[in-house]
Amino acid sequence: MTSCRPPPPCTMTAFFKRLPPSRRRLRGARPRRRLPPRAMKGGSVGELPGRKADPLPALGTYKNFSTIDWVLEKSKSRDRHREISNNSKESLSALLLCISDALSGWLLMLLVGLMVGAVASGIEVATRWLTDMKGGVCLAGFWSDHDRCCSTSNQNTSQERDHCPHWQSWAQLITGTSQGTYAYTVDYLMYMFWALLFAFLAVALVGAFAPYASGSGIPEIKTILSGVIIRGYLGKWTLIIKTVTLVLAVSSGLSVGKEGPLVHVACCCANVLCCLFTKFRQNEADRREVLSAAAAVGVSVAFEAPIGGVLFSWEEVSYYFPLKTLCRSFFAAMVAAFTLRSINPFGSRQGPFEVNFHAGWHMVELAPFVLLGVFGGLWGALFIKANIAWCRTRSLTRLGRYPVTQVLLVTALTALLAFPNIYTRMSADELVSKLFNDCSLFNSRLCGDQHPANTSQTGVGNNVASRPAGEALRTALWQLALALLFKMIITIITFGIKVPSGVFIPSMVVGAIAGWLLGVGMEQLAYHNRESLLFRDWCSPHTYCVTPALYAMVGATACLGGVTRMTVSLVVIMFELTGKREHVMPLMAATLTSKWVADAFGRVGFDEALIRLNGYPFLAPKEEFQHSSLAKDVMRPRKSDPALAVLTRDSMTLGQVETLVKSTCFRGFPVVFSQQSKRLMGFVLRRDLLSAIGNARQWQKGVVSASKVLFRQNAPAQTLKAPPHLRLRGILDLSPFTISARTPMDITVDIFRKLGLRHCLVTHNGKLLGIITKKDIVKHVAQVANRDPSSVLFK
């Protein structure tokens, strides 16, 4: 993830082994970090003037699925900023460099917003075109989708718009008629043909070029932002393939959304652009602040909700979110939303979801709103448990070894069952938009084709509650009920296949359908009981007292909250969609209820469940560790393990140090005063130690394997024939983070979460006892939760 160029594939290993040692450097590996200035004092390594150490390959880099050192990265960032600020007073060029460095972050956010807005616009236009292509083609221009093709015609109802003269179905093109069994069969077969073709292209491209492009991407983004390295996940190839296959997967009609994958696409754009700026290219902590802002941009273009996007990044995705990142996220989200609005890929619609209802709500309706919250919580808990169980079962069967077959089977089943029902045949975005709108001439099918007598020019009626349910409305309700059952089952089956897939829209579809059904039920209840005490004060015969579209929006919010466990950001996103302040209270009631109900069955959302399923080394900031274990129970070495590998202050030779480093794979070594006392002195990183030894071997005269390695300030006296000492106090961290052996593990877990530690040392009265790494913490948390600790993907 974090390198600008991905490491070489496994198939190139033999080729690199044949190269001479001078050319055998891994692609994407940064040169070894040179010794810091403090290590060059007092006759230590590298004091020769005018000489620079040659970089050693593969030093100073992080391995895949390893954690970054937050403390070190932030320290490097502060040192760099301090050096540039101090040098700015010396010359005009240094001052300009300081100014450009300060503005580089804002410039990067501007570029991220512009790029993501443009990419999201292209995805929206291509998705609508390919989705409509399954039903027909525009004679005025094959590149136009249905809405753009029929925008010039004068249609007064939804039926007339569906059959505008410029748009021809495949049956009309092939058979010359759109009526009859033969025409229906032709449309059915063409629908399935295009769906299977799009799905096959999507899974083939993902498998051949970018396996990381499958899925939502949000679980991996959360893992990366917590400080884990996943190389190639945010590379340019992943960006290209994810963008293309996202369009194909959504257009195929699979029960997937593009909102979640847009977060992945935005982070890929930000990671690629980070390579243009040295400040962010060379610092992992600063790069993650940019990725946090990019996650906000992804949600901003997905829902056209910049404020909700910033809150989403803060609440759900980011691990470290300072005030500086908040301001930059807001700026980037604003730029992306402005770019999206300027390009206007939605055509005649107001945004990604056209929301248009005008009536308010009554206090009595809080009861059905809370009921929708209960349904959303139950759906969220059911979906998470069922999908995770299905994914585990599928991976253990023969079908799990054939991802292309999986995708084609799920696509064929989806298309076969979706086409007969008009509400499952249309795209998820279009269905949600229809459910979020009042009854009008262009939304007449959901209202049973019974238009109010007092219909205004906008198509919105004023006396909807005064009409009973007719036969057409009953038919629409049965079709929606079947669509609800179909969407619930097929969504559980679909997630986990190897195509880009987001959970936002499928969850919103389930909730919107359930909300609309409940809203129509309340509407009919109000009509038949308008003289009762419950409805008399607020639901007179000629008022628009019950709004099924509002119930659809509340249901969509509740189901999405039950799946993701979002709260504040979700309400703000929905509020930005409607722009109505009076609708915030129903959204809040449903969201909190869905979260409480879903948490009763499990406290993790869908993204955290996928993180556990995939074994990512992630410490969830929302989970509470309540076990009574102590630090000494988790630290290494344990009783049956060999002694802890340590360095001493002044009693080891260079040969002994090199042997210890070569025989172990630890990323650092504690330094003690002596092997007998084990009194802690400091900690030295493996890469700094290898760098210092390499510089000494190359530039310091007389250094041999018998040279003493010193981590002390003053060197002891030595004989004339003895080799010179190697003084490495400059690379020693004299203040490593330490905890007591009896520190409770709940406090230790909080320390690792909030400080982003990679490791800490365990001591007792100054004596070193052991070490705890983030790997040990994650495995211990998994073991306490009765999960397999060996499934964590640490290297």
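The buried residues of α2 pack against α3 (92–133), α8 (218–225), α12 (284–303), β6 (680–685), α27 (686–699) and α28 (745–755). The model is predicted. This briefing takes helix α2 first, then the strands.

**Helix α2**
- Helix α2 covers residues 70–87, which makes 18 residues.
- Its end C-alpha atoms lie 26 Å apart.
- The buried residues in α2 are W70, L72, E73, K74, S77 and I84.
- An α-helix has 3.6 residues a turn, so residues three or four places apart point the same way.
- D69 sits at the start of α2. A side-chain oxygen of D69 comes to within 3.3 Å of the backbone nitrogen of V71.

**Strands β5 and β6**
- β6 is one of the elements that the buried residues of α2 pack against.
- β6 is mostly covered, with 6 of its 6 residues buried.
- Strand β5 (residues 668–672) runs antiparallel to β6, and 5 bridges join them.
- Opposite F669 stands V684 in β6.

**The sheet β4-β7-β8**
- This open sheet has 3 strands, in the order β4-β7-β8, with mixed pairing.
- β4 (652–653) and β8 (726–727) are the edge strands, and each pairs on one side only.
- β4 pairs with strand β7 (residues 708–710) in the antiparallel sense, over 2 bridges.
- M652 has V709 in β7 as its bridge partner.
- Strands of a sheet pair through backbone hydrogen bonds, either parallel or antiparallel.

Notes
Residues are numbered from 1 along each chain as its sequence is written. This is a predicted model: local features need pLDDT of at least 70, side-chain atom pairs count only at pLDDT 80 or more; totals for chains, interfaces and linings use all residues. Side-chain values use heavy atoms; hydrogens and water are left out. Helices (H or I, at least four residues) and strands (E, at least two) are DSSP runs, numbered from the N terminus. The expected span of a helix is 1.5 Å times one less than its number of residues. Buried means under 20% relative accessible area, exposed over 50%, partly exposed in between (1.4 Å probe, protein chains only). Contact means heavy atoms within 4.5 Å. A polar contact is a pair of N or O atoms within 3.5 Å; within protein, one must be able to donate a hydrogen and the other to accept it, and residues adjacent in sequence count only if both atoms are side-chain atoms. Two strands pair if DSSP finds at least two bridges between them.
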